[in-house]
Structure formats: structure tokens, C-alpha cells
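Dear colleague,

Please find below the structure that I am handing over to you, followed by a summary of what was found in it.

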Amino acid sequence: MNVAVRSHATAKQASEHFDVLIVGAGISGIGSAYHIEKQLPGTSYVILETQATFGGTWSTHRYPGIRSDSDLHTFGYSFKPWVGPPIATAEEILAYMNEVIDENDIARHIRYKHKINSASWSSEQNLWTIEAVTTDTGEARTFTANFLWMCQGYYRHSEGYTPEWKGADRFKGRIVHPQTWPDDIDLAGKKVVVIGSGATAATLVPNIADKCAHVTMLQRSPTYFRLGRNAIEIAEELRRLQVDEAWIHEIVRRKILFEQDAFTKLCISKPEQVKKELIGQISAVLGPDYDVETHFTPTYRPWRQRIAFVPDADLFKGIASGKASVVTDEIECFVENGIQLKSGKLLEADIIVTATGFNLSALGDIAFEIDGKPLAFGDTVTYRGMMFTGVPNMVWVFGYFRASWTLRVDLVADFVCRLLGHMKAKGAKKVEVQLRAEDHNMPILPWIDPENFNPGYIMRDMNLLPKRGDKPEWQHSQDYWTEKDEIPKTDLDDKAFVYG
């Protein structure tokens, strides 16, 4: 690879060239940059970030109480110990990421306020051309790169998903989405309805219960939750014994991953047992008279959708105290003073919060072209959820649903660094994946099996995502405990890889 950053004069403007261009300065982009620094010294790279700062999800979302729903011992990076409570606030996560940036001299590689409009691959030049615009000045910027590392996440940061409800324009109060939480909102003395039942709603409700007159969580159907202390006993004990933090980090990560694997398998093998245990935790907090059957007993088996961890049972303590309540019903329409439910009940509200999920953004809303032809991402087949047939010199980071997203950031980064090193050793300028002769009769299936996992944001836009096969190498298995062994053993000279 070429160490120096070069500028190419074009008829339109100067363009900067890098060996690697990383899209996004969130948890994936910063982690990937670390691995370039450590494993590929001398490689020129740049990170383009639309927002004005790093952090991705943790700088986009500013609603009250915003926190992780994965433990930070596994959501944190493998290479940097996490020393705080396992469920962390956005502020704590950003501070952790800032340390990674500072400790590894990554800041000089980040270009903030750079929105990418298009990315075009030229087989003639073996080069990506990325057209961007600076969001503050509107200035056009052009970059070229040998390799594109997509770390932009999976949802649109500019707006969350809000269903179309009849009569929404009639509501006299304020409607807000947590993803674009306004700074000027005043909850004092207000009746607030939070629509949704996922991790966002479970975080928001207890964090605003003391601020408003009353908060109601309105859900169409119940969700599974796990309750527990916001602490890891073994970590506390090892710190008391003054064990080195790097050792604690590794030991706690391994323990959590072992327990997560066992829990996931139990959800599949003994779903009714797990269901009883999860709902039993909630009943223990809310008491025998609370209608847990209606409000906290899902119809699907555990782990078909993400299970949110509720630290110290704060959501359920808020409900037990009477400051918060749950209504399980469907929306008929919005009215001037609240929401008319299909049961006939009127839910009065001054403020409605739509914690209704994300808009999927498979490739960051970037217009992709391969040799002048628009890329139909949904027509490609994925290689282990990282590479895609017919798309050269590009890797995409898409994390796990049942384990921490960042576990896959580290796995994919190790793979990319090994792949780039392999290309250099071969003298190859280009790599892409293709179906082998033995794969041509393979069934081509949707990105993920809805019987296995079916969150709304995936189901709504499954057509935007690549296809998978029925062989392990042609799908994103969502199984970290298998991939952690399989991906490092990938044969880079397998016929699935085509070099040029």
C-alpha cells in the first residue's frame, strides 16, 4: 500500500487519496481505525463522519437516560478495559471512545461534517471515488481510496421511524421522536405518553417519571426484559483483590459471553422455562395483583426480538410506585387531547413520544455505483455478512443482535487487516467474492430468517438487504460463539475470493 496521502488535481477540484476510507466515526469506525493503527502501520486512512463529533448512536440520541442495553464489558472494545458499571450512559460511552481516540492518535484522521453522497468503483483504476459535501459550508469534496470500510451502522440518524397515524395533525400537544429529542421540551406537570415497548421506551419512562405529572407506556404488544443489578459481582471482587484491569476485562468478558451463549441456547431449547423466569422477575417487582399476563407476557418465544436489560428494575419500580403505567392496546387515531384506542379508551396526553424504532439504512443512504451501474445491494449475496458478490474492495460492519455489536467490530477488523495484508503479499489491487461452482444450486434466501429473529426495522425493509445462502460462509449467522472461531480461520485463497 502507499503510505503517503496524495492529492490528484481534476478538472473540477482536488481529490485526496487514501489506502482505506472508513465511513463513520461511531463505535465501529473508531474500533476499525484502532486496528489499522496497530495491525497495518503506515497505511494511510481517513474517517468521514456526517455529524460534528464522534460517537454515532451515542451522540445522535440525547433523550433522558440514554444508556446501553448491552453490557460494556462486551460492548466495549477487546483491547481497552471497561472499568465502569456494565450498563453505561451515553456520556460514559463517549468518554471511553474519546480515550481510545486520544490514546491512539486517531483524531487527525477524522473529517467531521462530511456527508457522503456517492461512492463509485472503477475496475479500470481499481479505485473507489467518494463524493462528499461539508454540511456547514456546502463545499464539495472528492476522495479516492483503494478500499472502502463501511462502519456507518444500520439506521438513518437524521430521523427515526414513525408510523402514520390517523388524526396526528389534530393533536394539540407536541409529538417528538427520541432520536431527535428537542432541547426545549418541558415535561413538568405534563401527561406524557410514550408509544413503544423496546429498550428506548424502557429507558425513557423511568427517567422522566419524576419530571412529569404521569407517564404512560403505550404498547401494541409486550416485550421481554431481563432485570438485574447494574454491577458484575466477579468484577467487583477482582477489583477488591486489586487485580489488573486488563485481566478483569478479559475474565469478565469471557464469563458474560459464556453465560450469553448458554442463555441463547436455552431460549431455543427450553423457551417456556426461560419465559417463566423472565416474567417471574417482573411479577416479583410488580406484585401478585398486577396484570403481568396482559402487559408483560409476549406471544413469541424469547430472543426472536432483542431482549432489553433493565438495570436495577427501574422501569418496573416506576410502575409499582404509580408514577408510570402501561397500557396494552392499539391506536385507533390521535385526537386533540390524546390518543383514541381501539378498545374505546381515551388516553389523554400533553406530549406524545414515538419510541417506535429506526429507519433501516443499509448503506448509509449513499448512492453506490460499480463501473457506472447503480449497485442493487439487495441483489447481492453476502459473504459472512461482511463482503458482497460483485462489490470489490469493500467490507461492511454489521454487528450482532443477541450479543454486543462491538464484538463483531473486532472480528471484522481482524479479518480486514488480514485480507489487506494478504492482498499486499499477492500484489493484488482488487478482491471481491463470488459464488463458487459448488454454490450455484444453493438456495438464495432473505438476509435473516424471520423465524430466528424478526425486529420491525429489519422486516419493514428486508428487500434493501443482501441475500444469504444456506451455507455458513454465505450468511451472517448472528452467532458470535461460532463466528469467533470460524472467521479467523477463513481461507483467503478459497475460490470464493477473486483477486485482480
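Helix α8 passes α10 in a right-handed crossing, a crossing being right-handed if the near helix is turned clockwise from the far one by less than a right angle, and left-handed if anticlockwise. The model is a predicted one, in which local features need pLDDT of at least 70 and side-chain atom pairs count only at pLDDT 80 or more, whereas totals for chains, interfaces and linings use all residues. Residues are numbered from 1 along each chain as its sequence is written, and side-chain values use heavy atoms, with hydrogens and water left out.

Two packed helices are described by the angle between their axes and the distance between the axes. For α8 and α10 (residues 314-321), the angle is about 40 degrees and the axes are 9 Å apart. Axes here are lines fitted to C-alpha atoms, for helices over the stretch in contact, and angles run from 0 to 180 degrees between N-to-C directions. Helices (H or I, at least four residues) and strands (E, at least two) are DSSP runs, numbered from the N terminus. On the α8 side, I282, V285 and L286 make the contact, and α10 contributes F316, K317, I319 and A320; contact means heavy atoms within 4.5 Å. By class, this contact has six nonpolar residues, no polar ones and one charged residue. In this scheme Ala, Val, Leu, Ile, Met, Phe, Trp, Tyr, Cys and Pro count as nonpolar, Asp, Glu, Lys and Arg as charged, and the others, Gly among them, as polar.

A further helix pair is α1 (residues 27-39) with α11 (residues 405-426), packed at an angle of about 35 degrees with axes 9 Å apart. Their crossing is right-handed. The contact involves I27, S28, G31, S32, H35, I36 and Q39 of α1, together with W405, T406, V409, D410, A413, D414 and C417 of α11. Six nonpolar, six polar and two charged residues make up this contact.

At least two lining residues come from each of β11 (225-228), α6 (233-240), α7 (245-269) and α8 (271-286). Which helix gives the most to the lining? That helix is α7, with six residues. The lining divides into 14 nonpolar, six polar and ten charged residues.

I turn next to the sheets. Strands of a sheet pair through backbone hydrogen bonds, either parallel or antiparallel. Two strands are taken to pair if DSSP finds at least two bridges between them. Five strands form an open, parallel sheet in the order β8-β17-β9-β10-β13. Strands β8 (174-176) and β13 (324-328) stand at the edges with a single partner strand each, so one side of each is left without a neighbour in the sheet. Neighbouring strands in this sheet are turned by 20 degrees against each other on average, direction ignored. Strand β10 (residues 214-219) is joined to β13 by five bridges, and L218 stands opposite V327 in β13.

Three strands form another open sheet, antiparallel, in the order β14-β15-β16. Its edge strands are β14 (331-335) and β16 (346-348). Three bridges join β15 (residues 338-341) to β16; G338 has E348 as its bridge partner. The hairpin of β15 and β16 has four residues between the strands, and G344 in the turn has a positive phi of about 100 degrees.

Yours sincerely
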